Amino acid sequence: MSATTVPASPEAIEIAARLLRAGELVAFPTETVYGLGADAMSERSVAAIFSAKGRPRFNPLIVHVPDLAAAEALAEFDARARRIAAQFWPGPLTLVLRRRYHSGLSLLASAGLDTVAIRAPAHPVAQALLRASRRPIAAPSANRSGRVSPTEAAHVAEELVDGVALILDGGPTAVGIESTILDLSGEPPALLRPGAVTLEQLTELLGPIAAPGSGSVKAPGMLPSHYAPSLPVRLAATEARPGEALLAYGADTLPGFSEVLWLSRSGDLAEAAANLFAMLRRLDRPPFTGIAVMPIPEHGLGRAINDRLRRAAANIRVEFNSRRRSP
Ligand code: TXA
Ligand code: MG
């Protein structure tokens, strides 16, 4: 049985809030990607997210709140964290901070870590849902574990069949890739996942930041293979190979492909990010046998796009080594 999708009207948001408070799962739009939400205070509801997604339980979730005040009830903010939140919230930035001991948050939401990932999303539907439910909402991206994140309500409906009570349709998401994750639980600050709040912007405010992949810095969910379409993905393509479709970037395309979708003809990284996951989905089908992608510049939002593309292209799944703090 598939979940019901409804336009995110004020009435539908009220119903969704009631469902959340009753322990049900609700998918909703944020400015980055669609999330699969549950009451973050309920262990049983949070457990249902892991089942619905087929997500390994060692991989913690992001807790969504309306604003900084709500976040401070759940996590320990220092001056540095407040400064960053004041600058970028609500918005596409997640902060990893120490959990407050008596926060009441589900332990499963942070997978037994003593930190919690927390974000105030800017999307009006997400904001309205958070305020109507009067609960922090734990929400990973609303896709099957390991697959491409959903940027439209229909993507959620295609992939998540069981256990979802309602999907709120707020149209395609504006940013299109998941939030930047910044770990402020230690020194120096560490970028765990690049996103629309860029490394350049964060460095300007904070000084040096440990980059993803440096040393032991990892988000438990950042497996090398992730965001994976079914077809093989080939990066920095400069020529056509038989059977491949092309994701093009910039004014010039490459000859010899039977199907071409443009991430951005004008070379606009924000436009490319917004198109990335939906276009990967559109090309991930027969008669194609692979998806080639033209080079994307490695700066600003381009870092986040290339990060997701590298994961989409990685076809090995390696044993994951999470950075757990000592008990
Ligand atoms: O844009 C987004 O962030 C979307 C929307 C729905 O908010 N959510 C999202 O959630 O992308 P998810 O679960 O797909 O990705 C969350 C990432 C995972 O890689 C997870 O390992 C990491 O955040 N994470 C969560 N809690 C963490 C923690 N305490 N320490 C380090 N990483 C954490
Ligand atoms: Mg995800």
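1. A definition to start with: a crossing of two helices is left-handed if the near helix is turned anticlockwise from the far one by less than a right angle, and right-handed if clockwise. In this predicted model, helix 4 passes helix 7 in a right-handed crossing.

2. Now the geometry of that pair. Helix 4 spans residues 79-88 and helix 7 spans residues 199-206; their axes lie 11 Å apart and the packing angle is about 135°. Angles over 145 degrees would count as roughly antiparallel and those from 65 to 115 as roughly perpendicular, so helix 4 and helix 7 are oblique to each other.

3. Which residues make the contact between the two helices? Helix 4 contributes Arg80, Arg83, Ile84, Gln87 and Phe88, while helix 7 brings in Gln201, Leu202, Leu205 and Leu206. Sorted by class, the contact has five nonpolar, two polar and two charged residues.

4. Turning to the sheet, you will find four strands in an open arrangement, ordered 11-14-12-13 and paired in parallel. The edges are taken by strand 11 (233-234) and strand 13 (260-264); each has a single partner strand, so one side of each is left without a neighbour in the sheet.

5. Val233 has Ile291 of strand 14 as its bridge partner.

6. Finally, please have a look at helix 8 (residues 269-283), which packs on this sheet and touches strand 12 (244-249), strand 13 and strand 14. The direction of helix 8 makes about 155° with that of strand 13.

Methods:
Residues are numbered from 1 along each chain as its sequence is written. Chains are lettered from A and ligands numbered from 1 in the order in which they are written. This is a predicted model: local features need pLDDT of at least 70, side-chain atom pairs count only at pLDDT 80 or more; totals for chains, interfaces and linings use all residues. Side-chain values use heavy atoms; hydrogens and water are left out. Axes are lines fitted to C-alpha atoms, for helices over the stretch in contact, and angles run from 0 to 180 degrees between N-to-C directions. Angles under 35 degrees count as roughly parallel, over 145 as roughly antiparallel, 65 to 115 as roughly perpendicular and the rest as oblique. Contact means heavy atoms within 4.5 Å. Ala, Val, Leu, Ile, Met, Phe, Trp, Tyr, Cys and Pro count as nonpolar, Asp, Glu, Lys and Arg as charged, and the others, Gly among them, as polar. Two strands pair if DSSP finds at least two bridges between them.
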